[in-house]
Amino acid sequence: MATSTSAGAPSGAVDQERVQQFLEKVITDGGAAMAGLCTSLGDRLGLYTAMAGAGPLTAARLAARTGLVERYVREWLDAQVAGEYVTYAPGTDTYQLPDEHAAVLADPDRSTYAAGFFTMLQAVYATEDSLMDAFRTGEGVGWEERGPALFAGTAKFFRPGYTAALVPEWLTSLDGVVEKLERGARVADVGCGYGYSTTLMARAFPRSYFRGFDFHRPSVEAARGIAAERGLADRVSFDIATAQDFPGEGFDLITFFDCLHDIGDPGGALRHAEQALADGGTCMIVEHGGTSRTESGGASGHAQENTNPVGRALTAASVAVCLPSALAQHGPQALGNHAGEEAMRKIADDAGLHHWRLAAESPVNRVYAVGR
């Protein structure tokens, strides 16, 4: 009879080399998770921005540029060197943020900016106890139960991609929509959050009128402030409403940006959208990419097809945020963020939106043109 290891597995069945390899992977992941706090601090404290384009800096010089304490700044810099985010020149005791890294960490207006991901982590980790309870009870963890870092981080994370693709690529992929917007159209942006998507469209199409809707009051208030700062309040409004009861009708375009899967009743949301559309109107549904359950063979299919950086991030976010948010609404369907095109198309068809087309695609998003 084989003896057992302390982990409970038969000792003869364990490949120690593979154990060591997996241990190294877990340590690497743990280190990355810990380092994520340092990345968030660097973003929020303006350290990356201060280093961008500045060339080699000593810890003292960086501390002076940011008004921070040198001892903490040096410790942070050493962590950045260990993670290969920042380079170090021992001869001069200086640190430098490469321009290529600055494009990802220091410039919110670039499409490659990704620091918002780390802002979200603060709120995600803070709800671990609530998620444990949810696993045991089947209840949800509502969006409104999260910390403000999740709302701000989500907006910051999605904004660069929307800035780069929404107007020049996604809207132009929809048949006839840009022409309507140029002439003057009515648009509803459902689940608008901070309204970056709404204001981007409004700035591009000054003859059209835009209404953003979200059930989360703090996000709506933030969106109103952003619109006012950009001088768009005369053509952009934001109201507190759910996807199933937002007011208005005769919309030429109704958009759902990365939010339909977070809704507890996506069918109800699309039924309401169908009723609110003008004749010939279009719904634009932007959802995450990655391999879905249906595309990979169903709930028990080939989940390993998401073993890539984007798939890993999406599926983990679904566990931590998307599925719990939908379940908290006690609706008939909690999709998770990788339900896939087939499931979405069926929901839309049942809601009276029978025309469905994959209009555009990126490594992170899929854009669907949907209509009656």
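Reader: Where does Pro108 lie?

Author: Pro108 lies in the loop that joins helix H5 (99-105) to helix H6 (116-126). Residues are numbered from 1 along each chain as its sequence is written. The model is predicted: local features need pLDDT of at least 70, side-chain atom pairs count only at pLDDT 80 or more, and totals for chains, interfaces and linings use all residues, while side-chain values use heavy atoms, with hydrogens and water left out.

Reader: Why does Pro108 count as partly exposed?

Author: A residue is buried under 20% relative accessible area, exposed over 50%, and partly exposed in between (1.4 Å probe, protein chains only). Pro108 has a relative accessibility of 37%, and therefore it counts as partly exposed. Neighbours within four places in sequence left aside, Pro108 is in contact (heavy atoms within 4.5 Å) with Tyr113 and Pro160.

Reader: What makes the meeting of Asp93 and Arg74 a salt bridge?

Author: The term requires a side-chain nitrogen of Lys or Arg within 4 Å of a carboxyl oxygen of Asp or Glu. For Asp93 and Arg74 the distance from N to O is 3.0 Å, and the two side chains meet in a salt bridge. Asp93 belongs to the loop between strand E1 (87-89) and strand E2 (94-96) and Arg74 to helix H4 (residues 70-82), so the pair ties together parts that are 19 residues apart in sequence. Helices (H or I, at least four residues) and strands (E, at least two) are DSSP runs, numbered from the N terminus.

Reader: Why is Arg74 called partly exposed?

Author: The relative accessible area of Arg74 is 25%, so it is partly exposed. Asp93 has 27% and therefore counts as partly exposed as well.

Reader: Which parts does the pair of Asp109 and Arg159 tie together?

Author: The side chains of Asp109 and Arg159 meet in a salt bridge at 3.4 Å, N to O. Asp109 is in the loop between H5 and H6 and Arg159 is in helix H8, so the parts tied together are 50 residues apart in sequence. At 56% relative accessibility, Asp109 counts as exposed, whereas Arg159, with 22%, is partly exposed.

Reader: How many residues apart are Arg136 and Asp133 in helix H7?

Author: Three residues, about one turn of the helix, separate them, and both lie in H7 (residues 128-137). A search of the whole structure finds 13 salt bridges. Lys25, Asp29 and Arg312 are linked in a network of such bridges.

Reader: Why is helix H12 described as largely enclosed by the rest of the structure?

Author: Nine of the eleven residues of H12 (residues 266-276) are buried, so the description applies. Among these buried residues are Pro266, Leu270, His272 and Glu274. They pack against strand E6 (251-257), strand E7 (277-288) and helix H14 (341-350).

Reader: How many residues does the largest nonpolar core have?

Author: It has 32 residues, and Trp170, Leu171 and Met284 have the most contacts inside it. Helix H8 (residues 148-170) gives the most to this core, with five residues. Another core, of 29 residues, lies apart from it and includes Ile254, Ala339, Ile347 and Ala348. The term covers buried Ala, Val, Leu, Ile, Met, Phe, Trp, Tyr and Cys residues joined through side-chain atoms within 4.5 Å. Leaving aside neighbours within four places in sequence, the contacts of Trp170 include Phe257, Met284 and Val367.

Reader: How many helices and strands does the protein chain have, and what makes it as compact as a globular protein of its length?

Author: The chain has 14 helices and nine strands. Its radius of gyration is 23 Å, close to the 21 Å that the globule rule gives for 372 residues, so it is as compact as a globular protein of that length. The radius is taken over C-alpha atoms, and the rule is 2.2 Å times the number of residues to the power 0.38. Buried residues make up 45% of the 372 residues.
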